[in-house]
Amino acid sequence: MKPFDYVRPGERSSAHEAARDGGRYVAGGTNLIDLMKLEVMTPDTLVDISRLDLDGIETVDGGLRIGATLTNSDLAADPRVRRDYPVLARALLAGASGQLRNKATTGGNLLQRTRCPYFYDTDTNCNKRTPGSGCAAIGGETRNHAVLGASEHCIALHPSDMAVALRALDATVEVEGPDGAPREIALPDLYRLPGATPHIETSLAPGDLITAVRLPAPSGDRQVYRKVRDRASYAFALLSVGAVLRMENGRIAQAALAFGGLAPQPWRDREVEALLTAETPSDALFEKAGEVLLAKADPPPGAAFKLPLTKRVLKAVLTEATQ
Amino acid sequence: MTLDLKLDAPDEANRADDLVQGVLGHENERPDGLSKAIGAATYAAEPRPDGLLHGFLVRAPGIGAVSCSNANSVREMEGVRLVLRDPRMIRNAAQGAANEAPVQGVDRAEYVGQPVALVVADSFEQARHAAQALEVEVETDDAPVDPEAVTAEKPDGRQTAQGDLDAARRDAAHVLDRTYTTSSMVSAAMEPHAATAEWDGTRLVLRGSLQMLKYNRNELADSLGIAPENVRILAPYVGGGFGSKLGISAECVAAALAAIELGRPIRVVQHRRQVFEMNTRRSETRQRIRLAADRQGRLTALEHEALVSNLPDETFAEPVLQGSHFAYAAPNRALRMHVARIHRPAAGSVRAPGEAVGVTAFEVAMDELAVATGIDPVELRLRNIPDKDPEAGIPFSSHRLKAALSEGARRFGWADRPSPPRQRREGEWWIGTGMAAAFRVNAIMEAQARILLTGDRAVVETDMTDIGTGSYAIFQQIAAELLGLPLERVKVRLGDTELPPGSGSGGSFGAASTGTAVWMAGMDLRRQIARALACDEADLTLKDGTIIRGNTRRSLAEAFDGTVLTGDGHVQPGDAQQKVRQATFGAHFAEVAVSDVTGEIRMRRMHGSFAAGRILNPRTARSQCHGGMIWGIGMALTEAVTHDRRDGHMVNRDFAEYHLPVNADVPPLDVHFIEERDPWAGPLQAKGIGELGICGAGAAILNAVHHACGARLRDFPATPDRVLAALV
Ligand SMILES: Cc1cc2nc3c(=O)[nH]c(=O)nc-3n(C[C@H](O)[C@H](O)[C@H](O)COP(=O)(O)OP(=O)(O)OC[C@H]3O[C@@H](n4cnc5c(N)ncnc54)[C@H](O)[C@@H]3O)c2cc1C
């Protein structure tokens, strides 16, 4: 771990100032500090945002506004979340461990970095860590790498469970620039696919502070989160599906489906959703949805199993959500 | 005078059952439990001697010739005291009972992850940062890392054959030919390998996290090139070892060298990622098992062939076939061991080396035979129990597999089981049950112990370790039982090479071996007491600190007013090993649920019935069995080190990615002990229990998976991707 300075401002303006000077925000630290110990990340200054009063949660315009430093545990336990956004509560509780969730925050969870083992290993090449150095994962162990949205420069996954649920819930992110100017970014616009620049993971500029996540009123009352993993708890997803559906007269009136464990970002495919909309549920329909979802899939050798797995799980999730 | 015992003949006296204090064999708490719970027990990295400096090991990023071009500039970094690259540093941890230095040197890396330097600084953080700044250049050569890609060695003495296998197969009603694979695994003890070294100019004192101190002292002295008398090792508490701390590890030698060089105390703790790489892993295995049976399911031929791997110059080869030598009767048999020399991190003993993987694969094969013959799996095993060692022809010292199978089946409720697979379903979950037998070789090793008796207070002393197993509890009980003292009057001192050399902790032999030495020391004291009272030791009744003879009663304290009596005990193996085959036995039962959608497996319950001679303390014994059964879950379902196919490095070398079973993976575990006394095990008539619980446990689980959903998993662990492939 490289020596670093640490500041813990009590005002947002001082946080912005510290960020302008090159500081990096730290919230729960459960991801950043691990990466610093391994010198995968080497910030000179940490700006602790835990005292900025960003840990509230409030009802706004029929939706929710979730503070950036609210812990994953508190968010999952909020009665409004449990009642109206169960897909989010379940996704949160399917992630990490109780101890980690007590520290992990909304903003930190969204911005946690990939768990690709080569990214974590500074003795191997990684285009995310050192642009242009190459990707050691390609040709290496690829059991939990991306089957969609990857590039020849990077095949790493986004590991978050929470972000998958947020994606299905059409969340937006409130951000303040280092000059204090606020803006709102729709979740799909927050993440960027790796392409030739896998080190650029989001559309945030240095010093941008996530202040909150906004959820509109839920678009459907049938919500399912299903996660497949290597042990019963405390493992990242091999695959996860967040589904928010509304049924009308036995037909699917609206479907929002987001996937984790498949791509460099929580994945959503409008074509799949369109295919389902206005249709009567059936096995054939759900199987078709899986075909369409994976039409462009290009799994590395170790991750080929994700294709049949995704089809089966998608079918089970849709069956559950439409019953 | 030391009271010696050589195990040449059975113990007919069985004195332990006649003693009256009533603590041996009881559910006593660990005397060290409280101090561990409140943090008062100090582990190897916890003492903070004045002037302590901190070292951090540096790993090789490739295989080949190593150099460090920027060592001088790293030496100039803040707080840095030393960049050590000493040819005496060791390549990997020593094998168990090596008693001499393992392979040494830093100029060539034989595997990715080999320690090639130590950086010492004022603080841990400075040392780690400087270690990360040290550039290690490797002139990579193309050393083989895939065990399947090299021509394996076929070591002499590890190939046995009896009878005519071809003929047996030709005449058999049923034949089976299957190949199973298991993955590299690690011990993953909670406490990382750590050492604090102090050097006073002639003597080295090392606080280490080690299992077998009498050997460790010689290994360390030999590595450093100093006399063993000038090395003292302290390891009173060890936070788990499971084989990975049998021999001295890299941080011990590196810390000692730095302490000698700088004349300051040095602490070196392996980073969790180093714990994976620098010690010893359990080798991956490929096992081909061929069975032939008659119509009644009696085995007529048994073949077991194993491929394992290790680094060049390592003597250890995972003894996969160890259980197959004696588990089942079959007149025609062949066991073959193949060793691939490759450049993955070193392989060595990991809890139940041999049987953990060998019995597990074999017991899946037995289940496949049960399915093929239509014979109930419990019954199939009962029909194949040998009446003597099937190879050597010698009798078993005691053999209670039959009781374990029958009693286990009864307690688990095996009789209700529908025999065909795919009979029970709850929603998307297939439910099934499976079983397996457990086998583990047993040995009593040489050990010494001493008891100092002052009035009615005793102190037991030996260099034996307690690696979380319960040595403190067991020795306290043995001494208290013999001397007729309440438990709290007996203190136990362990883990110091100044004390009489015990057996060390390994191979399940600790409690029975060093326990027997403690017994002999206690017996020595009883004889001294009897002599002083001019009576026969056998007529002496000691209870609650009093001496009872006929109808007279006297307190020990009064009788020996102030004098310190010293009892010395010594046990060593003898001819018993040639006269009888000694082993422990058991039966595992498991119920699982398998998702038809995802291939995920969830444990529902497990039962194990185990026979291991006298159970010295059911609480600590049960805890060992629970641990073993949980290891079985890991082996069957979750645990695998993945080696990068290009350079063999361990890809998933931390606890986020190496999946040990967590609480949610572990169902209710039920353990039952079969009453047994093994007279060939000496006066305690106790055998080892520390490893039996793992042997075969994973097979019961995978056999249950087959029963649940019809998928036969032959590659361990059965992760969802593999189950899914077998399901469809
Ligand atoms: C062993 C282990 C297992 C895990 N398992 C799972 C799992 O199964 N599922 C899962 O989803 N997650 C899992 N996690 C990841 C965990 O959810 C994340 O580490 C956590 O959510 C990160 O939140 P944090 O507040 O600690 O972030 P930090 O570590 O503090 O920060 C992470 C990143 O976000 C930036 N950041 C934080 N807050 C802000 C902000 N408000 N504005 C701008 N930038 C910000 C930081 O600069 C840093 O780059 C696991 C983690 C571990 C260690």
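Aromatic contacts in chain B

Modeller: B:Arg351 lies over the face of B:Trp631, 5.4 Å from the ring centre. This is a predicted model, where local features need pLDDT of at least 70, side-chain atom pairs count only at pLDDT 80 or more, and totals for chains, interfaces and linings use all residues. Residues are numbered from 1 along each chain as its sequence is written, chains are lettered from A and ligands numbered from 1 in the order in which they are written, and side-chain values use heavy atoms, without hydrogens and water.

Colleague: What places a charge over a ring?

Modeller: NZ of Lys or CZ of Arg must be within 6 Å of the ring centre and within 35 degrees of the ring normal. B:Arg605 also lies over a face, that of B:Phe412, at 3.8 Å from the ring centre.

Colleague: How many aromatic pairs are found over all chains?

Modeller: Rings of Phe, Tyr and Trp (its six-membered ring) pair if their centres lie within 6.5 Å; planes under 30 degrees apart are stacked, over 60 edge-to-face, the rest tilted. The whole structure has 16 such pairs. One of them, B:Phe276 with B:Tyr658, is edge-to-face, with 5.4 Å between centres and 80° between planes.

Colleague: Are B:Phe276 and B:Tyr658 buried or exposed?

Modeller: Both are buried (under 20% relative accessible area; exposed is over 50%, partly exposed in between; 1.4 Å probe, protein chains only).

Colleague: Why is the pair of B:Tyr328 and B:Phe362 stacked?

Modeller: Because their ring centres are 6.0 Å apart and their planes at 25°. B:Tyr328 counts as buried at 1% relative accessibility, and B:Phe362 at 4%.
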